[in-house]
Amino acid sequence: MSDSYDSEAVALSDGMLRREAGRLLIEDVPVDVLVERYSAPLFVISESALRRRARRIRAAFERVWRHGEVHVLPAVKANPVVAVQRVLAQEGLGADLVGAGELEVAVRAGIDPALISLNGTAKDYATIERAVALGARVTVDDVREIELAVMAARATGRQADLRVRLRPHFETDARMQAFGVPINDIYGTYKSGLPHDDLAAAGQALSAPELRVSGAMMHMGRYTTDLSVIGGYAGRFGELIAEVSQLWDGWTPRTIDVGGGFAPQVDGFGRADPDFVPPDPTPIERYAEVVCENLAEGLARGGVDPRGRVLEVEPGRALFGPCGIHVATLLNVKRQTRPFPFTWYETDTSQLFLSEIPDEAARPPVIPVHLPGAGGLAEVRVVGRSCMSDVLARTAALPVMRPGDLLAFCFTGAYNDANASNLNLLPRPATVLVNGDQAHLVRRAENIGDLLARDTLPDHLRHPIAGAAR
Ligand SMILES: Cc1ncc(COP(=O)(O)O)c(C=O)c1O
């Protein structure tokens with residue numbers, strides 16, 4: 001039996017999933033075996049798929065950026081599991097990261113410090129100093145951070161390697177596809193980067209001998225798949241670099257980073273409108289062409305030669321998303337005939353863990369882990385176990401299933417676990433890394449003890465209450 005939900009998800013998962021006699025395997029490991037061993041809900045990442053995807057993204061940009069090297073700095077926030085980042089470090093990739101925690105992940109993963117960018121707004125001194133001591137680059141988001149970088153350079157005795165985060169403006173009528181907000185408003189008010197008004201002051205501060213300013217970066221955000229908008233921003237970024245060059249006495253960046261924001265191949269965009277049919281996903285090769293061509297043209301228009309400059313990219317969803325699945329157990333099947341016929345499958349997971357569903361209106365395809373030998377499809381709603389409405393799939397065509405059966409949510413390797421929360425004190429699931437026929441627990445599940453570990457009772461509340469539960 002081959003059903004649309006199944007063949008679509010499998011075809012698009014780059015061969016990472018397959019079926020043997022109706023049983024779902026990730027690489028060579030049956031998914032039900034993983035659940036037996038590690039229990040559900042469970043995040044599973046395919047190591048081979050991650051490596052293939054990383055190589056494909058790098059190759060896509062190398063093919064079209066002929067002016068210099070290409071560095072891929074995956075966004076650590078999308079999947080900060082140390083083992084997952086170690087796989088990418090082995091592939092020679094770097095890291096775009098925010099904050100002391102993600103910096104620690106990069107260190108433990110063994111990522112080359114020269115390929116690390118400490119990004120983010122409102123950085124604290126301690127994290128800047130740690131980055132400078134490691135030889136990682138600091139992406140300056142505000143003039144104040146330049147002073148902190150000088151202090152860090154003096155404290156560590158190392159020159160601080162900085163990049164500047166710019167805010168290109170491209171005039172467009174386009175709207176964010178998921179939520180309909182005008183993109184110009186989003187970019188114009190998005191907090192990150194040096195305001196245009198501060199560029200002259202930043203240039204002065206950056207001339208301190210303790211500093212080296214090696215790069216410029218921007219991040220477009222995943223607001224649209226409209227390539228004319230994406231190309232427009234890349235072109236404006238090139239022009240803005242040229243403007244900054246004029247303002248800063250001919251300075252030019254050795255590295256130019258276009259950030260992330262490339263839609264993943266499946267569920268290319270979250271859609272708040274349940275009736276919206278997403279367009280065909282844009283392959284990363286097409287993004288690469290549009291970004292590179294427009295960036296090079298923008299630089300050239302402003303009089304900056306792109307030759308010899310390193311292009312950097314920071315994929316998040318497009319890299320991690322397709323390489324992971326999330327497995328859940330069906331606990332209850334409920335059917336009603338009144339007030340209208342409706343069937344819903346209640347699972348042991350939640351949108352607290354599949355956070356891309358509420359946050360980004362993502363619609364990960366859900367497929368059964370075992371295909372039944374016979375029987376038709378039922379139109380069902382799949383829900384999670386938190387006290388919220390917790391809709392995981394508004395209407396899914398799934399076989400008639402029984403409690404205890406397993407479901408896999410595909411293309412869930414990015415942000416879901418990283419953004420997971422603990423409403424109802426639900427412990428967050430484990431992550432398993434699969435490689436061929438091997439599976440390794442790379443992040444254990446939380447337990448109730450973890451969730452209560454931060455609580456303390458002050459002395460005057462310590463006496464047990466008579467008759468209370470122990
Ligand atoms: C600076 C920066 N780079 C890269 C990314 C990754 O974006 P995406 O996952 O949409 O590719 C983000 C995401 O917010 C970001 O802020």
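Student: Which domains each give at least three residues to the lining of the second largest pocket?

Tutor: Domain 1 (4-46 + 322-445) and domain 2 (69-315) do; the bounds come from an automatic or database domain assignment. A pocket is an open set of points on a 1 Å grid over the protein atoms alone, where a 1.4 Å probe fits, with protein on both sides within 12 Å along at least five of seven lines; lining residues have an atom within 4 Å of a point. This is a predicted model, in which local features need pLDDT of at least 70 and side-chain atom pairs 80 or more, while totals for chains, interfaces and linings use all residues. Residues are numbered from 1 along each chain as its sequence is written, and side-chain values use heavy atoms, without hydrogens or water.

Student: Which lining residues are closest to the centre of the second largest pocket?

Tutor: Of 31 lining residues, K77, Y190, H219, R317 and Y415 are closest to its centre. The lining divides into 11 nonpolar, 10 polar and 10 charged residues.

Student: How many disulfides does the structure hold?

Tutor: A disulfide is a covalent bond between the sulfur atoms of two cysteines. Here the count, with sulfurs within 2.5 Å as the test, is zero.

Student: Is C387 buried or exposed?

Tutor: Buried means under 20% relative accessible area, exposed over 50%, partly exposed in between (1.4 Å probe, protein chains only). C387, at 59%, is exposed, whereas C292, at 2%, is buried.

Student: What lies 2.8 Å from the side chain of T224?

Tutor: The backbone nitrogen of D226 lies 2.8 Å from a polar atom of that side chain. T224 has a relative accessible area of 6%, so T224 is buried.

Technical notes. Ala, Val, Leu, Ile, Met, Phe, Trp, Tyr, Cys and Pro count as nonpolar, Asp, Glu, Lys and Arg as charged, and the others, Gly among them, as polar. A polar contact is a pair of N or O atoms within 3.5 Å; within protein, one must be able to donate a hydrogen and the other to accept it, and residues adjacent in sequence count only if both atoms are side-chain atoms.
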